[in-house]
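Let's take a friendly walk through this model, one region at a time. Have the structure open as you read.

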Amino acid sequence: MLNKYSDENKKIAMGFLSYIPDLKDMDNMEQELRLYAEDENRQLYLWKSNLEDFSGIVALSFSEHTVFVEYISLNPSYRSQSNMYKILDEVQQRFPNQTILGNFNLVKLIKGWHNRQAEEVSEEE
């Protein structure tokens with residue numbers, strides 16, 4: 001389940017952001033959190049894999065018809081393609097009229113996710 005980031009979850013978010021090499025530096029991490037807090041076209045979401053604990057974070061930016069996945073950072077024990085697909089499914093549910101794209105590191109994952117969606121639709125028909 002995706003939960004929009006708020007300052008009350010700052011320490012949890014920082015833990016997930018620390019898995020991203022460019023954000024290991026505390027100043028970079030603080031700047032990243034400020035960027036998402038101040039820019040209305042960017043949002044951070046914490047992801048819960050179950051009802052109790054947060055398991056990761058996803059950073060999104062928006063344009064008119066697009067949701068761009070900047071990065072997904074998961075707790076190491078939750079790093080799997082199926083969990084990444086669950087997050088993308090939830091992003092699509094939250095923004096159903098938007099096209100989901102991703103950065104260079106996520107292109108293969110998102111392409112596989114789109115292909116899986118297309119297969120599911122063709123099986124339903």
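Leaving aside its neighbours within four places in sequence, which residues is Gln-98 in contact with?

## Gln-98 and its surroundings

Setting aside neighbours within four places in sequence, Gln-98 is in contact (heavy atoms within 4.5 Å) with Phe-62, Ser-63, Glu-64, His-65, Thr-66, Val-67 and Gln-92. This is a predicted model, in which local features need pLDDT of at least 70 and side-chain atom pairs count only at pLDDT 80 or more, while totals for chains, interfaces and linings use all residues. Residues are numbered from 1 along each chain as its sequence is written, and side-chain values use heavy atoms, with hydrogens and water left out.

Gln-98 sits in the loop between α3 and β5 (99-102); helices (H or I, at least four residues) and strands (E, at least two) are DSSP runs, numbered from the N terminus. Gln-98 counts as buried because its relative accessibility is 18%, where buried means under 20% relative accessible area, exposed over 50% and partly exposed in between (1.4 Å probe, protein chains only).

## Thr-66 in strand β4

One of the contacts of Gln-98 is Thr-66, which belongs to strand β4. Thr-66 is buried, at a relative accessible area of 17%. Beyond its neighbours within four places in sequence, Thr-66 is in contact with Ser-61, Gln-98, Thr-99 and Leu-101.

## The largest pocket

The largest pocket holds about 380 Å³ of space. Here a pocket is an open set of points on a 1 Å grid over the protein atoms alone where a 1.4 Å probe fits, with protein on both sides within 12 Å along at least five of seven lines; lining residues have an atom within 4 Å of a point. Of its 19 lining residues, Ile-20, Pro-21, Glu-70, Tyr-71 and Ile-72 are the closest to the centre.

Strand β4 (66-74) and helix α2 (26-38) each supply at least two lining residues, and β4 has the largest share, with 5 residues. By type, the lining divides into 10 nonpolar, 4 polar and 5 charged residues (Ala, Val, Leu, Ile, Met, Phe, Trp, Tyr, Cys and Pro count as nonpolar, Asp, Glu, Lys and Arg as charged, and the others, Gly among them, as polar).

## Helices α3 and α4

Helix α3 (residues 81-94) packs against helix α4 (residues 107-124) at an angle of about 70 degrees, with the axes 10 Å apart. Axes are lines fitted to C-alpha atoms, for helices over the stretch in contact, and angles run from 0 to 180 degrees between N-to-C directions. The angle therefore makes α3 roughly perpendicular to α4 (65 to 115 degrees).

From α3, the contact involves Gln-81, Met-84, Tyr-85, Leu-88, Asp-89 and Gln-92. From α4 come Leu-109, Ile-110, Gly-112, Trp-113, Arg-116 and Gln-117. These residues divide into 6 nonpolar, 4 polar and 2 charged.

Notes
Points joined across faces, edges and corners; volume = space filled by probe spheres on them. Parallel < 35°, antiparallel > 145°, perpendicular 65-115°, else oblique.
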